[in-house]
Amino acid sequence: MNVLLSPQPPVFPHHHETPRRSPQRSVSPLSNMGNRKRKADEDGDEAMSPASSPAVSARALARPSKKVRSNEAVGRPLTLPRLLETLDASELRTVLERICERHPDIGHEVVAGAPRPSVISVLDVLRDYQRKLNEAAPYGESSAEYTYYRVREPLVALLDALSDFTPQYLPPNEMQATKSLQFLDGATNLIHDLPNWDPQAYRHHKENAYDEIARAWALVISEAGKRGGGINLHSGGWDQTLARHNERSGGRLSSAMSAMATSVGWMGSGPNASGNPPEQTSILNQLISGAYSAPVRVGPW
């Protein structure tokens, strides 16, 4: 009987004692991280905040949007900016000319808004025509007929351009004599370089060009002679420049030489100048040097 009984009597808890708690379960690391996260948020600790994590920041960066391109291969024309990139200066001029022909009001705006061409730029254009003329000439010895046939088209193009550009630098459109004379100087050199043919039938191009440029010289010289008695013509050496052009042309600038003689002949140093009194030459030298002063009268008038 004693064997079946427990050696120690059962102990019942006293109602005044605190009940024994069951052992606590182990807390998982995820719950600890959650606690730490809430504590970091409450404490304002940015070091523990996931928002400050480098990995999260890298993911939060905004990526540039990619241009959506269609996967379908479909032909389409170029946009205007891309089309203009493919055109050279000559093609652009052609397109602009056609637009201005169809819309005259646009042409007037272009003419009014475009800057005035400089003498250098115009002479460069004329030299480009001259280059095309020289490139069209045949190599070696050729007959005058064959040479004229080869160069006729670029020759006419050069002369037409010269006739169109010359009025731009003539009065009253251009009232600065220096610019006009600079253009005429360069244009006359281009005429000197035109080919000379033995048959008289092929010489009319060059002779007509000399006649037109001579009239242009005469007009500019006459207008310049009205201002300051033509002193700017003499001081700039234009009388000597014209004399060299006339000699090189074989005397085909006679009308321009006459206008120069009228404008600066009284100075005693111009072409075809007649004998002038020494007093006039002395006054001219004083005017050019800036030492001239009119005599002052003393006594009653």
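**Labels and their cut-offs**

Reply: Start with the largest cavity: its lining is made of Pro171, Glu174, Met175, Gln176, Ala177, Ser180, Val220, Glu223, Ala224 and Arg227. The model is predicted, so local features need pLDDT of at least 70 and side-chain atom pairs count only at pLDDT 80 or more, while totals for chains, interfaces and linings use all residues. Residues are numbered from 1 along each chain as its sequence is written, and side-chain values use heavy atoms, with hydrogens and water left out.

Me: What makes a space a cavity, and what makes it a pocket?

Reply: The grid has a 1 Å spacing and covers the protein atoms alone. In a cavity, a 1.4 Å probe fits at the points but cannot get out. A pocket is an open set, with protein on both sides within 12 Å along at least five of seven lines. A residue lines either one if it has an atom within 4 Å of a point. Rolling a probe the size of a water molecule over the atoms shows where empty space is left.

Me: How many cavities of 30 Å³ or more does the search find?

Reply: The search of the whole structure finds 1. The largest cavity has a volume of about 50 Å³. Volume here is the space filled by probe spheres set on the points, with grid points joined across faces, edges and corners.

Me: Which helices supply at least two residues each to the lining of the largest cavity?

Reply: α8 and α9 do. α9 gives the most, with 3 residues. Helices are DSSP runs of H or I with at least four residues, strands are runs of E with at least two, and numbering starts from the N terminus. By that rule the protein chain has 13 helices and 0 strands.

Me: How is the lining of the largest cavity split by class?

Reply: It has 5 nonpolar, 2 polar and 3 charged residues. Ala, Val, Leu, Ile, Met, Phe, Trp, Tyr, Cys and Pro count as nonpolar; Asp, Glu, Lys and Arg count as charged; the others, Gly among them, count as polar.

Me: How much space lies in the largest pocket?

Reply: About 970 Å³. Of its 18 lining residues, the closest to the centre are Arg93, Glu97, Ala114, Pro117 and Phe165. α4 (89-102), α5 (104-113), α6 (119-136) and α7 (144-165) each supply at least two lining residues. α4 gives the largest share, 5 residues. By class, this lining has 11 nonpolar, 3 polar and 4 charged residues.

Me: Which parts of the chain does the pair of Asp193 and Arg248 link?

Reply: Asp193 and Arg248 form a salt bridge, with the closest N and O atoms 3.1 Å apart. The pair links distant parts of the chain, 55 residues apart: Asp193 is in the loop between α8 (177-192) and α9 (204-225), and Arg248 is in helix α11 (residues 238-248).

Me: Why does Asp193 count as partly exposed?

Reply: Buried means under 20% relative accessible area, exposed means over 50%, and partly exposed lies in between (1.4 Å probe, protein chains only). Asp193 has 44%, so it is partly exposed.

Me: What makes Leu80 exposed?

Reply: Its relative accessibility is 56%, so it counts as exposed. Leu80 lies in helix α3. Helix α3 (residues 80-85) gives the most to the patch, with 3 residues.

Definitions and conventions. A salt bridge is a side-chain nitrogen of Lys or Arg within 4 Å of a carboxyl oxygen of Asp or Glu.
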